[in-house]
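Hi there,

Here is the structure I promised to send over. Have a look at it first, and my notes follow below.

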Amino acid sequence: MQQREARSELGGGRREQSRFNSIIGDPYSREHQSQDDLMEILEQGKAAITKTWDIALVPFHAVLSKPAQKAYLGTFLLATTSLFLLALSTIAYALFYFNYVPQVSVERTIHLQFGDGHPNGVATLGSSLAALQAYQVSLLLHLPRTPNNQAAGNFMLDLSLLSPAKVPSTAEKLLPESARKQRLAHSRRPAILTYASPLIATASTLTGLPWYVLGWKTESEVVEVSMFEGVEFPKGWTNVPQEVKLVVEANEKMQFYEVGIRIFAKFGGLRWIMYHHRILSYLIFTTMFWSSSMFSALVAWLVLSSYLASDATEVKKEDQTPRKIKAEPSESERYEPSLTEGLSDTCRTFPTLGRHIPLHFAGREESARRGSNEGEKQVDEVIQSTGLQPLIAEADDEDEGIETSGFRDSGIGTSLDEIQRARVQRRKKHSLVANLPEEL
């Protein structure tokens, strides 16, 4: 009884403990559940972070993709080529401008030579002038108001434009260099100092006396005489003057401070536009040069791309062409005893180690004999099972006249007859199998 009471008390205690655990929960299970919840929360957070990171990297994937890289490379090449061609077009326009538009004004000093005859002088122009361009040529004479110059009155100016010196021949070498130059243009014009009466001359001298004393003014005059108006030269370097020669013809011995020549270009048409509207001309012609260069570059790029693409497609076609794979005999065909190719005519036996059976390799004669025996066995089995006789008439014409029932020894140690008999037996077997009823 006491034991029963103790057991009942123990069971009641266990039931109360289980009821208490069900009410407040098992601490061990609650600890495991909290760890699982924590791991699940961590995994969810990690998944959320990964998803957010992937979403944030989507634009970067698009920016760094291969099509984008190709686009960047193409844009870079296009921009570099465009800038290079723009610089090249600028240089080309500069060269065109300086070669097509000549100097607008050319001034040279003529040093007169005095002595026997009239005063004369020569000045070199070089390559300052251009062909097919109209020029206005004037002489500038700085003359003092000396009694001789005033007494000379009108005097003559003889101006000649000379071509470059030609390569002298044997006879022309005896002539002076000035005689070997051709006169391209010639002009004679009169000139005179401005007249002033004695009263006016005295009054102007008294009025400007302080300036004369200080050296800011001199008793001289600059006379400008126009020698050519609109003179033009044809094409060819020999038709463009490179020197000028001046001769002063007067009855009195004249005095000169300085003598100079001024050549002024009278532009017209495209040269006038390029000179007077330089920025507009630069924009128009540079754009034209740049556009033509870009068009040529694009055409060359398209041709080169199509050529490379055609080469790539040809290479792919060559790679995609099916190659013939050499068919190797199967294991059954490789070790078919009826096949006698590659075998020796003689049989060979090789010893082995220990008490193993020696290795025996059959020759071509023995292999053919085994194949014929196996073929005869198969034919006999088919005849016994079906009761049909083989159609020997369907054999090839080349087998006519060959004895297949008996055995004939060649007597020379070879097995050609036996090989032929094996071939006939195989043909008989194939013909028999081909003529079997479909029900079998």
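T286 counts as buried, because its relative accessibility is 4% (buried means under 20% relative accessible area, exposed over 50% and partly exposed in between, with a 1.4 Å probe and protein chains only). This residue sits in helix α8; helices (H or I, at least four residues) and strands (E, at least two) are DSSP runs, numbered from the N terminus. Leaving aside residues up to four places away in sequence, T286 touches L86, S89, T90, Y93 and S281, where a contact means heavy atoms within 4.5 Å.

Before you go further, please note that this is a predicted model: local features need pLDDT of at least 70, side-chain atom pairs count only at pLDDT 80 or more, and totals for chains, interfaces and linings use all residues. Residues are numbered from 1 along each chain as its sequence is written, and side-chain values use heavy atoms, with hydrogens and water left out.

Now the overall picture. The protein has eleven helices and ten strands, and 22% of its 440 residues count as buried. Among contacts with a separation of 6 or more, 76% are between residues 24 or more positions apart. The protein exposes about 32,800 Å², and carbon and sulfur atoms supply 59% of that; accessible areas come from the Shrake-Rupley method with a 1.4 Å probe, and for residues only the protein chains shown count as cover.

Next, helix α3. With 35 residues, α3 reaches 50 Å from its first C-alpha to its last, close to the 51 Å expected at 1.5 Å a residue (the expected span is 1.5 Å times one less than the number of residues). Its buried residues are A68, S82, L85, S89, Y93 and Y97. F84 and W290 are 206 residues apart in sequence, yet 9.6 Å apart in space, C-alpha to C-alpha.

Which residues form the nonpolar patch on the surface? They are L73, F76, L77, W301, L302, L304, Y307 and L308, with about 910 Å² of accessible area together. The elements that give two or more residues to this patch are α3 (66-100) and α8 (278-320), and α8 supplies the largest share, five residues. L73 is found in α3. For reference, patches are made of residues with over 30% relative accessible area and no salt bridge; like charges are joined within 9 Å, and nonpolar side chains (Val, Leu, Ile, Met, Phe, Trp, Tyr) within 5 Å.

On to the charged pairs. The structure holds six salt bridges, each being a side-chain nitrogen of Lys or Arg within 4 Å of a carboxyl oxygen of Asp or Glu.

- R262 and E107 meet through their side chains in a salt bridge (3.1 Å, N to O). R262 lies in strand β8 (residues 258-265) and E107 in strand β1 (residues 105-109), so the pair ties together parts that are 155 residues apart in sequence. R262 is partly exposed at 30% relative accessible area, and E107 is partly exposed at 48%.
- E221 and R145 also meet in a salt bridge (3.1 Å, N to O). The pair links distant parts of the chain, 76 residues apart: E221 in strand β6 (residues 220-231), and R145 in the loop between β3 (135-144) and α4 (147-152). E221 is buried at 15%, whereas R145 is partly exposed at 30%.
- E243 and K181 form a salt bridge at 2.4 Å, N to O. E243 is in strand β7 (residues 243-249) and K181 in the loop between β4 and β5 (183-191), distant parts of the chain that are 62 residues apart. E243 is buried, with 17% relative accessible area, and K181 is buried at 13%.
- D158, R188 and E249 are linked in a network of salt bridges.

Finally, S160, which belongs to strand β4 (residues 155-162). Is S160 buried or exposed? It is buried, because its relative accessible area is 4%. Its side chain makes a polar contact with the side chain of R183 (3.4 Å); a polar contact is a pair of N or O atoms within 3.5 Å, where within protein one must be able to donate a hydrogen and the other to accept it, and residues adjacent in sequence count only if both atoms are side-chain atoms. Not counting residues up to four places away in sequence, S160 touches R183, A185, H186, E243, V244 and K245.

Best wishes
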